[in-house]
Amino acid sequence: MSKLNGFYKSRRDFLRGATALGAVGVFAPSILMPGFARAAVSDGEVLTGSHWGAFRAVVKDGRWTEIKPWEGDPHPSKQLAGILDSVYSPTRIKYPMVRRAYLEGGPGSDVAGRGKDDFVRVSWDKALDLVVGELKRVREKYGQAGTFAGSYGWKSSGRLHNCQSLLRRALNVGMDGAFVNSSGDYSTGASQVIMPHVMGTLEVYEQQTVWPVVIESTDVLVFWGADPIKTNQIGWTVADHDSYAYLEAFKKTGKKVICIDPIRTETAKFFDAEWIAPKPHTDVAIMLGMAHTLYTEELHDVDFLDEYTAGFDKFVPYLTGESDGIAKSAEWASEISGLPADQIKELARLFQTNRTMLSSGWSIQRQHHGEQSHWMLVTLASMLGQIGLPGGGFGLSYHYANGGTPSANSPVLPGITDGGKAVEGAAWLTNAGAASIPLARVVEMLENPGADFDFNGTRSKFPDVKMVYWTGGNPFAHHQDRNRMIKAWQKLETVVVQDFQWTATARHADIVLPATTSYERNDIEHIGDYSLKAILAMKKVIDPVFEARNDFDIFAEIADRLGKKDAFTEGKDELEWIKSFYDEAVKQGEAKNIEVPDFESFWKEGIVEFPATDEAKAFVRYADYREDPLLEPLGTPSGKIEIYSKNIEKMGYDDCPPHPTWMEPIERIDGPDAKYPLHINSGHPQDRLHSQLCGTILREGYAIADREPCVINTEDAKTRGIASGDVVRVFNDRGQILTGAIVSDDIRPGVIRVYEGGWFDPVDAGQAGSLDAYGDVNCLTPDLGTSKLAQGNCGHTGIADVEKYVGGLPEVKVFKTPKEA
Ligand SMILES: Nc1nc2c(c(=O)[nH]1)N[C@H]1C(S)=C(S)[C@@H](COP(=O)(O)OP(=O)(O)OC[C@H]3O[C@@H](n4cnc5c(=O)[nH]c(N)nc54)[C@H](O)[C@@H]3O)O[C@H]1N2
Ligand SMILES: Nc1nc2c(c(=O)[nH]1)N[C@H]1C(S)=C(S)[C@@H](COP(=O)(O)OP(=O)(O)OC[C@H]3O[C@@H](n4cnc5c(=O)[nH]c(N)nc54)[C@H](O)[C@@H]3O)O[C@H]1N2
Ligand SMILES: [Mo]
């Protein structure tokens, strides 16, 4: 499932949305006035937008000089400053570049030399000849599945220059779909597969009981591994930041807020919340301890469980220990989690006697057996019996893209498609005529061509991939176990990377194509993934920097060289595409009786806003199901919340039983055979978006000793002789990174925090196991699937140790331009 199209309130909306989008691309091209709004201004202000929000760009003499938040943004992100800097940063890719050994020796030359920054500048013509030549050669020599184009990542906002769809579109029309695709994402890999079995929907990208209702009706607001103050800075479309006003309003009520998190988060600080800090990776045990308390004290809602859920009776013998001899009591959970048993019991009673919203983030499912976390959360919420009541139940998206913000009655923009075939999770394996893999298994795929793998009830074989084309993502930041990945990458004969900055992924490529940032081209996007509060003209701010080209143009040219330019462009240029998306919104507006101005007025104005309806301001998730479970059944086989899933039972997976279960992860602190004493918390960064903006001035605000920070508890620092500001080496069997220490009591003892997205900067490039000079936490995390069911990534699993670094300090080089011969 992609996150492209906002959210769906219900399964039916989801189906409707899917069909509507399937129809995109058939609109006749319309002729626009020549030159209309095509040029960037040389002086003035341009309203545009990004994942970080909408803003006005001040341009002087054709150069972007200042960035001001849009007046309609109630809580602009401090990260905006980094955007401007990223455009002119020394890490910009200026020209098409080819790795020297590759240019001289051809595909597969000196693969161990990747990452050594030895590139040669070539013309666009030469670069595209090489790319297209390779696409053809690989197909001829290795067949349909020789190229991986399941490229993933947080490409920029915008419905047209969606580089991942454009890549697949070019290969669909130009190569008859001869490429390997991917399904899922890194965000919710486990949840988006288990939740349809449990709730009949994805849950994670859907509207929540809205904030006005929570403010009114919720008595106890629990953030379970969720930090909305940090993470709501970002939207998949253009962030609206409207949740901040609601969080403020909730704070004013003085009602109880609890944060269950190994870290005292920004959200915990904002609310001065009760901070409960369990050992990481033990949440399922804690929830089971609560469930056991409710059950043994007869506090569970028997009527709710009877009427709205299926299979509770099969879960009870596990809960009580009748089936395996271990009662999942609060005392049992206390042993595992380190929380006092009484605290677990008291929390269970508190939740039961108050209207409680259990709001969970996604880290607890980005872990080994991550499927169990949200399944157990739903089970706990079902026992509390408040699902579908105002302000009660659970929510899996309050922390993401300002979920819970009431939705406007707005049309939904379509976007460029991959060539008429939707890239949706459900279509995997048949998608685009070639194989598809669960995204996070990409390294395993390279290592084991022909080997079987399981996924959500299916079994398939890994294709034999020889070429990778990555665009709009940074796998050398987002993927786990960097050193294993480096070795696997060496199996590839050709790696093409299209980006605007010299990420580690680009530095490990053979052919590097410079893309524009979204501020160097025109596009269109919504403001507010959930609020849908406006449609924004993402106008070009400046002309392309150096030789950067738009993603659309690069792929149109590739399609052209494959003899399929018209099929790719459908005869439309940039602005004609944008207009066609907008015109679809106008049509929807007519059907829905919403006033939507025509394209010319919209583009001139730059924005059209839509207000939230009264109905949207009162939205309670699952209220309709609660009111009428027969007429409004869930999309599960039983039509009910599945605490026991017969479908999952049939799959017979040893690592995903048919009801929520505590399962030991491959490693955790104090777990069986734990080899290292500290858990690695690799949460999302406060001051950047993954690896984006790491190469900007924002880094000056957080880097310690020029490295990525590592937060360590005071006790753990003391026993290791570490002080704030020290350079420390974090290490385990998988890798070693240098970071700068921050000693703090805002983190549980036994836990360190290094945010994901720090740029990988190996001292000995190409050599697996090299010391990383800057601090890419994914040198330390394990690369394994959450389970056979979802095969999500386990970025939040992993243990390590830390020591003060006393060796000679290697220079951080990754933020400089590589050699441009
Ligand atoms: N250990 C650990 N690992 C994690 C996580 C974790 O919690 N812990 N979180 C995971 C999650 S949830 C995610 S979503 C991933 C994020 O992983 P990514 O999405 O891969 O990370 P980004 O840094 O956002 O990379 C986006 C890249 O796209 C490029 N780009 C942006 N716009 C454009 C464009 O218009 N055109 C082109 N061609 N390129 C563009 C940017 O320059 C950047 O290099 O990381 C995952 N990895
Ligand atoms: N500023 C900023 N915002 C972002 C992003 C970003 O990169 N920067 N990325 C966006 C994206 S793509 C995504 S997917 C979302 C990610 O949203 P999340 O996955 O929810 O974010 P994380 O920061 O990984 O984790 C949330 C919290 O879980 C806690 N946690 C970690 N392990 C455990 C555990 O075992 N138990 C408990 N109880 N808590 C635990 C972490 O300490 C953290 O405070 O954020 C989005 N928003
Ligand atoms: Mo994500």
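The model I am reading is predicted. UniProt, in an unreviewed entry, gives residues 48–88 as "domain: Molybdopterin oxidoreductase N-terminal".

Next I checked Pro90. Pro90 sits in the loop between α2 (80–87) and β4 (97–99). I read a relative accessible area of 47% for Pro90, so I noted this proline as partly exposed. I then looked across the sequence from Pro90. Gly695 is 605 residues away in sequence, yet the two C-alpha atoms are 8.3 Å apart.

**Residues 678–794**

I turned to the second annotated stretch. The unreviewed UniProt entry lists residues 678–794 as "domain: Molybdopterin dinucleotide-binding". I found 5% helix and 24% strand over residues 678–794. Here the end C-alpha atoms are 16 Å apart.

**Ligand 1**

Which residues come closest to ligand 1? I listed Trp154, Ser156, His478, Asp499 and Ser691, out of 34 residues that surround the ligand. I sorted that shell by class: seven residues are nonpolar, 21 polar and six charged.

Then I went through individual contacts. Trp154 places a backbone N or O atom 2.6 Å from an oxygen atom of ligand 1. His478 uses its side chain: a polar atom there lies 2.6 Å from an oxygen atom of the ligand. Gly795 has a backbone N or O atom 3.3 Å from a nitrogen atom of ligand 1. I also looked up the cover. Ligand 1 taken alone exposes 920 Å², and the protein buries 100% of that area.

**Ligand 2**

A polar backbone atom of Thr231 is 2.9 Å from a nitrogen atom of ligand 2. A backbone N or O atom of Ile260 lies 3.1 Å from a nitrogen atom of the ligand. For His684, a backbone N or O atom lies 2.9 Å from an oxygen atom of ligand 2. Ligand 2 taken alone exposes 910 Å², of which the protein buries 99%.

**Aromatic pairs**

How many aromatic pairs does a search of the whole structure find? I got 35. I picked out Phe476 and Trp489, whose rings are edge-to-face at 5.3 Å centre to centre, with 85° between the planes. Phe476 belongs to helix α18 (residues 475–478) and Trp489 to helix α19 (residues 482–489), so the pair ties together parts 13 residues apart in sequence.

Trp154 was already in my entry for ligand 1, among the closest residues.

I looked at helix α21 (residues 551–561) for buried positions. They are Asp551, Phe552, Ile554, Phe555, Ala556, Ile558 and Ala559. Residues three or four places apart in an α-helix point the same way, because a turn takes 3.6 residues. Just after α21, Gly563 takes a positive phi of about 80°.

I then followed Asn550 to its partner. The side chains of Asn550 and Thr516 are joined by a polar contact of 2.8 Å. Thr516 lies in the loop between β19 (511–514) and β20 (523–527). At 2% relative accessibility, Thr516 is under the 20% cut-off and therefore counts as buried.

Two entries close the page. Asn456 is not a glycine, yet its phi is positive, near 45°. I placed Asn456 in the loop between β15 (452–455) and β16 (458–461). Its relative accessibility is 27%, so I logged Asn456 as partly exposed.

Glu570 also has a positive phi, of about 50°, without being a glycine. I found Glu570 in the loop between α22 (565–569) and α23 (574–592). With 29% relative accessibility, Glu570 counts as partly exposed.

Methods:
Residues numbered from 1 in each chain as written. Chains lettered and ligands numbered in written order. Predicted model: local features only at pLDDT ≥ 70, side-chain atom pairs only at ≥ 80, totals over all residues. Heavy atoms only, no water. UniProt positions renumbered as here; feature names shortened; annotations may be inferred. Helix = DSSP H or I, 4+ residues; strand = E, 2+ residues; numbered from the N terminus. Near = heavy atom within 4 Å. Polar contact = N/O pair within 3.5 Å; in protein donor to acceptor, adjacent residues only side chain to side chain. Areas by Shrake-Rupley, 256 points an atom, 1.4 Å probe, with all protein chains shown as cover. Nonpolar A, V, L, I, M, F, W, Y, C, P; charged D, E, K, R; others polar. Phe/Tyr/Trp six-rings, centres within 6.5 Å; stacked < 30°, edge-to-face > 60°. Buried < 20%, exposed > 50% of the residue type's maximum accessible area, 1.4 Å probe, protein only.
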